[in-house]
Amino acid sequence: MLVTHITKCGKSRFLVKLESGIEFPLYSSELARYDTEEGSDLSDETLDEIMTQILPSRCIKRAMNLLQKKSFAEKELRNKLAEGGYPGGIIDNAIEYVRSYGYIDDVRYASDYIRYHSSEGRGKGRIRADLFRKGISDDDFEKAWSETFELGLVADSRDAIRELLEKKHYSDDMDIKEKNRIIAFLMRRGFSSDDIFQVIRDY
C-alpha cells in the first residue's frame with residue numbers, strides 16, 4: 001500500500017495518508033519502526049497491525065482523556081477524535097467502548113445542559129437549537145426536557161421572562177421601538193411568543 005503523504009499534526013505525531021485514501025496518525029518512533037516515508041510501500045501485515053493493535057487502544061485512551069476534562073455529546077466526541085486523524089471504524093469502536101461504561105450519554109448530557117442554561121434565562125427553543133448543534137437528536141432532547149421538568153429542575157419560562165423584563169426595565173409607557181427590541185431579545189433567548197406576550201400582559 002503506497003504512502004502518498006505524511007503530515008506533521010503534533011509535537012511528535014504525523015498523519016499518514018495511503019494511496020487508497022486511508023488516513024491514520026502515527027508517532028515518529030512508529031514511522032521509523034515501520035520504515036514509513038512518503039513514497040514507501042506499507043505491507044498488508046503492517047497495516048493490519050496498525051489498524052487492529054495500535055490505533056484502537058490509542059483512540060480509546062484519547063477518548064477517555066478528553067472525557068476526564070469535560071463532558072461531551074457523542075457527536076462532539078466523534079469530531080474531536082476525527083480531528084486526531086483516527087479512521088471512522090476506529091472511532092466507532094472507541095465510542096462504543098466509552099458508551100458501554102456510561103461515560104457518554106446524550107440524554108444525560110442534554111439534561112445537565114438544560115438544567116444549567118434554563119437557570120441562566122434561556123428558553124426551551126434556544127436550548128433545543130444549541131443542543132441540536134452539538135448533535136443531540138430531537139428525541140433525546142424531549143426525553144431530557146421531560147425528565148428534567150418533572151424533577152422540577154427546569155426554570156419556569158414565564159418567571160425567567162419576567163425577571164428579564166425587570167432587568168431591561170420594561171414598562172408599558174416605553175417607546176414602541178424599545179418594546180420591540182426587548183421582545184426580539186426574548187425571542188432570541190428561545191422563549192415562545194405565547195409566553196412572552198402573556199407575561200407582558202400580566203406585567
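1. A residue counts as exposed when its relative accessible area is over 50%, and as buried when that area is under 20%. Lys 167 has a relative accessibility of 56%, so this residue counts as exposed. The model discussed here is predicted.

2. Lys 167 and Glu 163 also belong together as a pair. They form a salt bridge in which the closest N and O atoms are 3.7 Å apart. Both sit in helix 8 (residues 157–167), four residues apart, which means that about one helical turn separates them.

3. How many salt bridges does the structure hold? The count is 16. Another one of them joins Glu 30 to Arg 58, with 2.4 Å between the closest N and O atoms. This pair links distant parts of the chain: Glu 30 belongs to helix 1 (residues 28–33) and Arg 58 to helix 2 (residues 44–69), with the two residues 28 apart.

4. Are Glu 30 and Arg 58 buried or exposed? Both are buried. A further buried pair is Arg 122 and Asp 130. Their side chains meet in a salt bridge, at 2.8 Å from N to O.

5. Glu 74, Arg 78, Asp 92, Glu 96 and Arg 99 are linked in a network of salt bridges.

6. Turning to the strands, strand 2 (residues 13–18) and strand 3 (residues 23–27) run antiparallel and are joined by five bridges. Arg 13 has Tyr 27 in strand 3 as its bridge partner. The two strands form a hairpin with four residues between them, and in this hairpin Gly 21 takes a positive phi near 100°.

7. Sorted by class, the lining of the largest pocket has five charged, three nonpolar and two polar residues.

Notes
Residues are numbered from 1 along each chain as its sequence is written. This is a predicted model: local features need pLDDT of at least 70, side-chain atom pairs count only at pLDDT 80 or more; totals for chains, interfaces and linings use all residues. Side-chain values use heavy atoms; hydrogens and water are left out. A salt bridge is a side-chain nitrogen of Lys or Arg within 4 Å of a carboxyl oxygen of Asp or Glu. Buried means under 20% relative accessible area, exposed over 50%, partly exposed in between (1.4 Å probe, protein chains only). Two strands pair if DSSP finds at least two bridges between them. Ala, Val, Leu, Ile, Met, Phe, Trp, Tyr, Cys and Pro count as nonpolar, Asp, Glu, Lys and Arg as charged, and the others, Gly among them, as polar.
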